[in-house]
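Welcome, and please have your viewer ready. Load the model, colour it by chain, and follow along one selection at a time.

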Amino acid sequence: MAQLDTREKLAILADAAKYDASCASSGTSKRNSVGGKGIGSTEGMGICHAYAPDGRCISLLKILLTNSCIFDCHYCINRKSSNVRRARFTAQEVVNLTLAFYKRNYIEGLFLSSGIIASSNYTMEQLVEVARSLREDHDFRGYIHLKTIPDADPELVRLAGLYADRISINVELPTAKGLQRLAPEKSEPQIEGAMLGMKGAIEDGRDARKKYKSAPNFAPAGQSTQMIIGADAATDADIVGKASTLYDRFSLRRVYYSAFSPIPDASAVLPLQRPPLMREHRLYQSDWLMRFYGFKSEEVVSAADDGGMLPLDIDPKLAWALKYREYFPVDVNKASREQLLRVPGLGTKAVQRILRSRRFRNFTLDDVARLTVSIAKMRPFIITSDWRPTLLTDKADLKRWIKPEKHQLELFAA
Amino acid sequence: MSDANGRFGNSADLFDSRLGPGGRAGVLLPDGPQIDPLKITLDQPDDFDGWRDAARELVMAGVPPMSVVWQVRGEDGELFGSEGAVPPPSGEPMFSVPKPFIDMAKAAICHSDPQRFALLYVLLWKLKANRRALDDRADPLVDRLEKLAKEVRRDAHKMHAFVRFREVAEEGDTRFVAFFEPDHHIARREAGFFVRRFSTMRWSILSPEVSIHWDPATDTLSEGPGASRSDAPDGDPLEETWRTYYSSIFNPARLKVKAMLKEMPKKYWHNMPETSLVAPLIAGARARELEMIERAQANLPQAEAPRPGGNIEGAWAALREEAKGCTRCDLHRCATQTVFGEGPLNPRIFFVGEQPGDQEDLAGRPFVGPAGQLFDAALEKVGIDRSTTYVTNAVKHFKFVLRGKQRIHSRPDTAEIDACRWWQEQERAIIRPPLTVALGATAARSLTGKTLTISKVRDAPLTLADGSECWVTVHPSFLLRIPEEARRREERARFVEDLERIRDRAAALA
């Protein structure tokens, strides 16, 4: 086979990485290149440098080191039995590409993943070498996210954490059975064991930093994971429950949901339909409810239907509110933060502003409208000094009144 | 002025009624004497320090907001007002402002709104009276200034994101040059971000208002005059590579154009090399997605020859295992067990029945009861070996009503069929049968998602979503329940005829 040039490899190895949902470059320690020999900075908040027509942001150079793989996971385009064209970057090529893109302000850093070649340890060594070279040879201070290989030597995973801002280990599928069927070479204990090990290493790193200022900053942006939605029989309730357990057990920063996309050269075991993008969106919304709105996973799940699926036509918070009308209406002028956070349409920022301003004024509907995106949706759920939703909250067909027009839904519904 | 609370506590209202769209503050006092307003000229449109110094003096001298006119040197001047000296301090004690005000003011002052200086001065005046005035986020003045600050921060964020450097060779060295057109006066404010990020690179950011240059050799940031796009280099050899990345990372199966436009408005596009690809990528997306699916189908292995490395057997076993714990509908509560399909994974024919009955529920196998025996007999009659076929049910749990000690079969409803459809689809996805047979209306609904009348579709094959052939006939239990002897015989003969046609068709497809 003729040698591929870097651009041809990039086309193959970026294409192979496009099913990975995570792209964030935020949440790491603040640093910059002033006084250093290289380039790069992170200011806490990540920057999205471009957006693709699929609506996803491009923040990092997201590529695979190679798309060759000795595993045969059905959902993965790079599995052993796939006919996809293969390519492999050298560590040096990835380093050069990252620096060249970074210098032109195209990216915030690198998100490197890989198919498994030769052995898990060999592959992990290669991933670590890229990060090492960027940090040590080039004094690169931008963001690095490494996807680790679950059964690689813990020492290699530890090294990865020393160079990277974020580490991720994919749980792949929400249920153990799904994993067993679709990723026969991976196992839940193995993946969760790796997560647990990483959690310990991150905590140790934090403790060491508290004691010694010179201690290395170990994976300062923590660890994340991804699961594929719609390739197995898991219900939304299963998925939300799984995510909640992962947050609790492994202190994950983020759980990403990736609606399964039809992939070229798909395995016979997989559905061929379009990805359920709206379902993915609703899962992200439920994730936010748990992380920022104080909802427990059981509460999110209680908004799902009998089959354990969240409604696709309305968001989970509204679904919850419609089911638990006895909590409403909430008096904007008196309610606690927790109560306000339950009002459909009131975000964390708006709640913050209301609480801050409440000492100075008696909120009218107009005041609330000024601090929020849209008042229409929340009207039946709130009381202000000039508004009381008489009986509206008891209306049986309330959902029809406030739910968005149906045609908006069908654009994305699977 | 000591009782500022009373006199200026409502200065927001004052500002509301006196500050017209032109930003001319207080030319006329309604009742008091005519005052020639004091004209304050700032050096630059983002001159925070100049504004702060002047504002401090003015507020200490007790000059009310309506008596000040703000302008920037070189911009269209105010017709009214005179450049006079600020009166001496009125002898009041100094007052400090909360830090959030400084942060907000530093951002808001970069806004292109000509009223920004005056608005900030009104708020400063208000803060003097009430140090907590900023906390009332619902106050229209605070709200408006917060919005200005927010727009500036958003503009700054977009600048961090969308500046695109191009590399230029320059006497033995390289310089990275970008052209960027912000909405507000943020170029100076944001220079620091680029210094921190690219501290060892020689770079310039050109904008219509000002050019910023960084020299890493001397660690100096310098300013030059504004520039136009033509002053910036044309291209960079790496842009093709970047475009390759941009088009490869895009997943055509997930088109979401609105989401993209929300975050990357078109006004930024002309300075970004990748945006020329957006239109062709969108136009080709559906075709690429279909191609992905088609290619996937074309590459499907023949059922007889599992691909090396394929896991058909393992996948099927795991699916059956997974189905044991199915709770997708309520039927699992009363049924004994999940009755999964059985047969070879490379069958001649894939049969879908309705639902396990009493005996199937106990045995855990499909088609073993009275209907199953009739089915076996019919198959034997037409010479189909059941062991070469795969037999499964549309609904995999037994549904019944108790009558005394007897469990009487009860038809599954559409919700149950649709809930269970997933399993049947997964079975078919693994097995990929060339020919599927729907036995009865429940099976037909499960396979097609539509409620069909059997008599209308039984003579010709349907095409399923995956392109394979599906024949519809009656369910054997229907034949058991016909009371009149003559009609029963007639229907059985017709069922056998259907099976013969299916047998021949399966042979033709094999």
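The stops below go from confidence, to the interface, to some local details.

**Before you select anything.** This is a predicted model, in which local features need pLDDT of at least 70, side-chain atom pairs count only at pLDDT 80 or more, and totals for chains, interfaces and linings use all residues. Residues are numbered from 1 along each chain as its sequence is written, chains are lettered from A and ligands numbered from 1 in the order in which they are written, and side-chain values use heavy atoms, with hydrogens and water left out.

**Stop 1: colour by confidence.** pLDDT is the predictor's confidence in each residue, from 0 to 100. Chain A averages 86, with 90% of its residues scoring at least 70. Now pick residues 406-414 of chain A: pLDDT there is below 50, and the stretch has eleven contacts (heavy atoms within 4.5 Å) beyond near neighbours in sequence. For chain B the mean is 85, and 88% of the residues reach 70 or more. Select residues 1-33 of chain B, where pLDDT stays under 50 and the model has 52 contacts beyond four places in sequence. Residues 299-309 of chain B are also below 50, with 20 contacts beyond near neighbours in sequence. Where pLDDT is low, the predicted coordinates should not be read in detail. For the complex, the predictor gives an ipTM of 0.86 and a pTM of 0.73.

Next, look for charge pairs. Seven salt bridges (a side-chain nitrogen of Lys or Arg within 4 Å of a carboxyl oxygen of Asp or Glu) link chain A and chain B. Zoom in on B:Glu322 and A:Arg181, which form a salt bridge with the closest N and O atoms 3.1 Å apart.

**Stop 2: a pair within a helix.** The structure holds 73 salt bridges over all chains. One to display is A:Arg291 with A:Asp287, at 3.2 Å from N to O. Both residues lie in helix H8 of chain A, four residues apart, about one turn of the helix; helices (H or I, at least four residues) and strands (E, at least two) are DSSP runs, numbered from the N terminus.

**Stop 3: two backbone details.** Most residues other than glycine have a negative phi, and most peptide bonds are trans. Select A:Ala118, in the loop between strand E4 (109-113) and helix H3 (120-137) of chain A; its phi is positive, about 55°, although it is not a glycine. Then go to A:Pro329, in the loop between helix H10 (316-323) and strand E9 (330-331) of chain A. The peptide bond from A:Phe328 to A:Pro329 is cis, with omega near -5°.

**Last stop: chain B.** Select residues 340-500 of chain B, where the chain is 43% helix and 19% strand and the end C-alpha atoms are 26 Å apart.
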